[in-house]
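Visitor: I am new to this one. Could you show it to me and take me through it?

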Amino acid sequence: MDTTSSARTATAGEQGTATVGAQARPAADPLEPYLAADFPWYGLDEGWTGRRWLMQAGAGPSGARGSQRGSVDYGTLGHGDEPARQFEPRDMRRFAVVVTMARRDVRRSADNTGTLEATSASSAAWLAGSGLLAATWPGQLDRALRQDWLDQQTALAWDLADDLDGPGWSTLTLPVNGLPQPFRYRESEYGWVLAGEAPGVLLGAYGRGVSAYGTGFCAVQDLTTYNGR
């Protein structure tokens, strides 16, 4: 069935019913999955005076919406310019994204039939690396080739993340809650990625157009500061 044609020929009564139904359903609270987490969220500290915004919180098998506290395993908070809605020939966005990941010794698989490896700084590094790739794919690529490029680069990001002590990374010390903390750090033509630890969680971050050397991290006391889109 041609759903486009069907939508165009819908009667006024059907459209009105759909509108009423949409209005009757309350909008999902974007803070809900963040508030369901059993770990603290981290963002850039007060040295960052720019815009802050919510991104995504990743849930375990039971799902984020209406789930029990503790089902969320990781999430991201954005700082600066939001991702482009469409291809931009000259992408001039400046942003830094902080990845917070719960420390999990044992995790259930999505189908609940087994267990997954414990989370580690490598897990946070991979999430940060793949996030950077998704946000900064090369503009000269045809859209049809983007997925092939992304798959290839994501596999490379995992290999790098799995060897944080290797030559692809250097050490960078940054403040976390005001105290110096070592991170593993690397730069590429697409931006920078780092990974380390914070009290109770694992931290990753990625960015472009914002210097990683001037960043600091702290536990977020009020998540509503990220909800003013």
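Guide: One term is needed at the outset: a residue is called buried when its relative accessible area is under 20%, exposed when over 50%, and partly exposed in between. Please also keep in mind that this is a predicted model.

Visitor: Then what does that make Ala-121, buried or exposed?
Guide: Ala-121 has a relative accessible area of 19%, so Ala-121 is buried. This residue is found in helix H4.

Visitor: And what does Ala-121 touch?
Guide: Not counting residues up to four places away in sequence, Ala-121 touches Leu-164, Ala-195, Gly-196 and Leu-202. Ala-121 and Leu-202 are 81 residues apart in sequence, yet their C-alpha atoms are 6.0 Å apart in space.

Visitor: Where is Ser-122 found?
Guide: Ser-122 is also in helix H4, which covers residues 121-135. With a relative accessible area of 15%, Ser-122 counts as buried because the limit is 20%.

Visitor: Which backbone oxygen lies 2.7 Å from a polar atom of its side chain?
Guide: That is the backbone oxygen of Ala-161, which lies 2.7 Å from a polar atom of the Ser-122 side chain. Beyond four places in sequence, Ser-122 touches Ala-161 together with Trp-158, Asp-162 and Leu-164.

Visitor: Let us step back. How many helices and strands are in the chain?
Guide: The chain has 5 helices and 11 strands. Of its 229 residues, 43% count as buried. Among contacts with a separation of 6 or more, 60% are made by residues 24 or more positions apart.

Visitor: What about the surface of the chain?
Guide: The accessible surface comes to about 13000 Å², and 51% of that belongs to carbon and sulfur atoms.

Visitor: How many residues has the largest nonpolar core?
Guide: The largest nonpolar core has 34 residues. Those with the most contacts inside this core are Trp-41, Tyr-42, Leu-77, Leu-194, Leu-203 and Phe-217. Apart from this core lies another, of 23 residues, among them Leu-133, Leu-150, Ala-157 and Ala-195.

Visitor: Which residues is Leu-203 in contact with?
Guide: Leaving aside neighbours within four places in sequence, the contacts of Leu-203 include Tyr-42, Val-98, Val-99, Ala-124, Phe-183, Leu-194 and Phe-217.

Visitor: Now the rings. How many aromatic pairs are there?
Guide: A search of the whole structure finds 5 aromatic pairs. One of them joins Phe-95 and Tyr-206, whose ring centres are 6.3 Å apart and whose planes stand at 80°, so the pair is edge-to-face.

Visitor: Which parts does that pair tie together?
Guide: Phe-95 lies in strand S4 (residues 95-102) and Tyr-206 in strand S10 (residues 201-208), so the pair ties together parts that are 111 residues apart in sequence. Phe-95 is buried at 2% relative accessible area, and Tyr-206 counts as buried at 6%.

Visitor: What are the distance and angle for Phe-183 and Phe-217?
Guide: The ring centres of Phe-183 and Phe-217 are 5.4 Å apart and the planes are at 45°, so this pair is tilted. Phe-183 lies in strand S8 (residues 179-188) and Phe-217 in strand S11 (residues 217-219), so the pair ties together parts 34 residues apart in sequence. Both Phe-183 and Phe-217 are buried.

Visitor: Which residues form an aromatic cluster?
Guide: Tyr-34, Phe-39 and Trp-41 form one aromatic cluster. Elsewhere, Arg-186 lies over the face of Trp-169, at 5.9 Å from the ring centre.

Visitor: Where does Asn-177 lie?
Guide: Asn-177 lies in the loop between strand S7 (170-176) and S8. Asn-177 has a positive phi of about 55° although it is not a glycine. Most residues other than glycine have a negative phi. At 39% relative accessibility, Asn-177 counts as partly exposed.

Visitor: Last one: what does Pro-175 touch?
Guide: Beyond four places in sequence, Pro-175 touches Asp-45, Pro-180, Thr-215, Gly-216 and Phe-217. Pro-175 is placed in strand S7 and counts as partly exposed, at 32% relative accessibility. Pro-175 and Cys-218 are 43 residues apart in sequence, and 8.1 Å separates their C-alpha atoms in space.

Technical notes. Residues numbered from 1 in each chain as written. Predicted model: local features only at pLDDT ≥ 70, side-chain atom pairs only at ≥ 80, totals over all residues. Heavy atoms only, no water. Helix = DSSP H or I, 4+ residues; strand = E, 2+ residues; numbered from the N terminus. Buried < 20%, exposed > 50% of the residue type's maximum accessible area, 1.4 Å probe, protein only. Contact = heavy atoms within 4.5 Å. Areas by Shrake-Rupley, 256 points an atom, 1.4 Å probe, with all protein chains shown as cover. Polar contact = N/O pair within 3.5 Å; in protein donor to acceptor, adjacent residues only side chain to side chain. Core = buried A, V, L, I, M, F, W, Y, C linked by side-chain atoms within 4.5 Å. Phe/Tyr/Trp six-rings, centres within 6.5 Å; stacked < 30°, edge-to-face > 60°. Lys NZ or Arg CZ within 6 Å of the ring centre and 35° of its normal.
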